[in-house]
Amino acid sequence: MQRLAIQGGNRLNGEVRISGAKNAALPILCASLLTGDPLQLDNVPDLNDVATMRKLLQQMGVAVEATGNQVALSAAHIDKLEAPYDMVKTMRAAILVLGPLVARFGEARVSLPGGCAIGSRPVDLHIKGLQAMGAEIHIEHGYIHAQAKRLKGARICFDLVSVTGTENLMMAATLADGVTVLENAAREPEVVDLAYCLIAMGAKIEGAGSDTITIAGVEKLHGASHRVMPDRIESGTFLVAAAAAGGSITLTGTRADILDNVLEKLQEAGATIQVAGSTISLQMSKRPTAVNVRTAPYPAFPTDMQAQFMALNAVAEGSAMVVETIFENRFMHVQELRRLGAQIDVEGNTAVIRGCAQLEGATIMATDLRASACLVIAGLVAQGETVIDRIYHLDRGYEHIEAKLSALGAQIRRIK
Ligand code: UD1
């Protein structure tokens, strides 16, 4: 099993190019199932989750050609309408094939995702939405079996905001008979990026980015080209790393307009931020000030940035409260941070962090994707060596992270 060894204490300086967004690329890859024509994608990040999704689509019969960050897909011949357990258990986003398959082929068998490290994460809203559109759904042998002659437009009001739920139903609705209105829809920028791709494929979608999305179903979609948006969570992770370790970094190929909340928190922590076009620069010359964080659906503070801010708060001046409102068990990094000397108390969904002047390197274990990012940041600021175990989580969602951090001056290496 691979590990990362980090020698803490270096400031971060220099430029880093931000990759395409994992959470936009995954649904957009699934959108290829909606047409028999080729879909040409650019800025697709080289990540394990993307490789898993490509493999899943290939198993179904999709022709996939990847060259660097470009991926060409053609779902002209599909012979298997199934996402098996093996795939779904390694990557929950595999559920995103459900909507497109039922919409275009009238049938899908998708494994129910099992438990998840950060919470129970059911998919009931995906299922209820498809049922409202006329799909017959049976749960059998751990699989969701969905069938529909042709989905029908419906008014669907989500009980709670679900990102992949919104994406699955938005994709399904593009080929439905009639108009679908998604209310209390997720407003995440990745939903908007998917909508742009679908619109380029001929879908009729209005309101993506607001909480009401209206989709007028069409008979057929066609091929298109699409460039995947920059990863706002990767952007935020590098900015927090530099704010915690100190230094001066510039992100290129990113977008500041979708990071408002994160940039405000970094400024509150004492960082100087400058935005110019597609670059964001951050300077930090002192110990950060502790900042309170409360996660909520976009445009509020993202749950995918909570763990990284916990690492920042662990070495900040003062105390902070971090409240997690999206996932019920997303504090697994706390135990590991404590092994580095962090002072954190957890009560329910609230963590209280008392910043300490110095963390001390130790061997720690990554438990999920964003927890891994938090531990890397902690390793960058801890005294001595930190070894992070189970970094396969990190490879699911961060493109070339150790190369990018090394280029910024971090002492980080992979132990194979
Ligand atoms: C997506 C992101 C993930 C991010 C999360 C929240 C992708 C591939 N993943 O995950 O990185 O952390 O949004 O911003 O885009 N829920 C239900 N029933 C459902 C669906 C969701 O109860 O049918 C609950 C979940 O358990 C969770 C909350 O709704 O408590 C939000 O989850 P959701 O937005 O669906 O997360 P994902 O789309 O899985």
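For the helix entries I took contact to mean heavy atoms within 4.5 Å, and helices as DSSP runs (H or I, at least four residues) numbered from the N terminus. I was working with a predicted model, in which local features need pLDDT of at least 70 and side-chain atom pairs count only at pLDDT 80 or more, while totals for chains, interfaces and linings use all residues. Residues are numbered from 1 along each chain as its sequence is written, and side-chain values use heavy atoms, with hydrogens and water left out.

Helices 11 and 12. I looked up which residues meet, and found His333, Glu336 and Leu337 of helix 11 against Ala371, Cys374, Leu375 and Ala378 of helix 12. I noted that these residues divide into five nonpolar, one polar and one charged, where Ala, Val, Leu, Ile, Met, Phe, Trp, Tyr, Cys and Pro count as nonpolar, Asp, Glu, Lys and Arg as charged, and the others, Gly among them, as polar. The axes, which are lines fitted to C-alpha atoms over the stretch in contact, with angles from 0 to 180 degrees between N-to-C directions, lie 9 Å apart at an angle of about 20°. Helix 11 and helix 12 are therefore roughly parallel (angles under 35 degrees).

Ligand. I counted 18 residues around the ligand, the closest being Asp124, Ser162, Thr164, Asp304 and Ile326, with a heavy atom within 4 Å as the criterion. For polar contacts (pairs of N or O atoms within 3.5 Å), I recorded a ligand oxygen 2.6 Å from a side-chain N or O atom of serine 162, and a ligand oxygen 2.7 Å from a polar backbone atom of leucine 125.

How values were computed:
A polar contact is a pair of N or O atoms within 3.5 Å; within protein, one must be able to donate a hydrogen and the other to accept it, and residues adjacent in sequence count only if both atoms are side-chain atoms. Helices (H or I, at least four residues) and strands (E, at least two) are DSSP runs, numbered from the N terminus. Angles under 35 degrees count as roughly parallel, over 145 as roughly antiparallel, 65 to 115 as roughly perpendicular and the rest as oblique.
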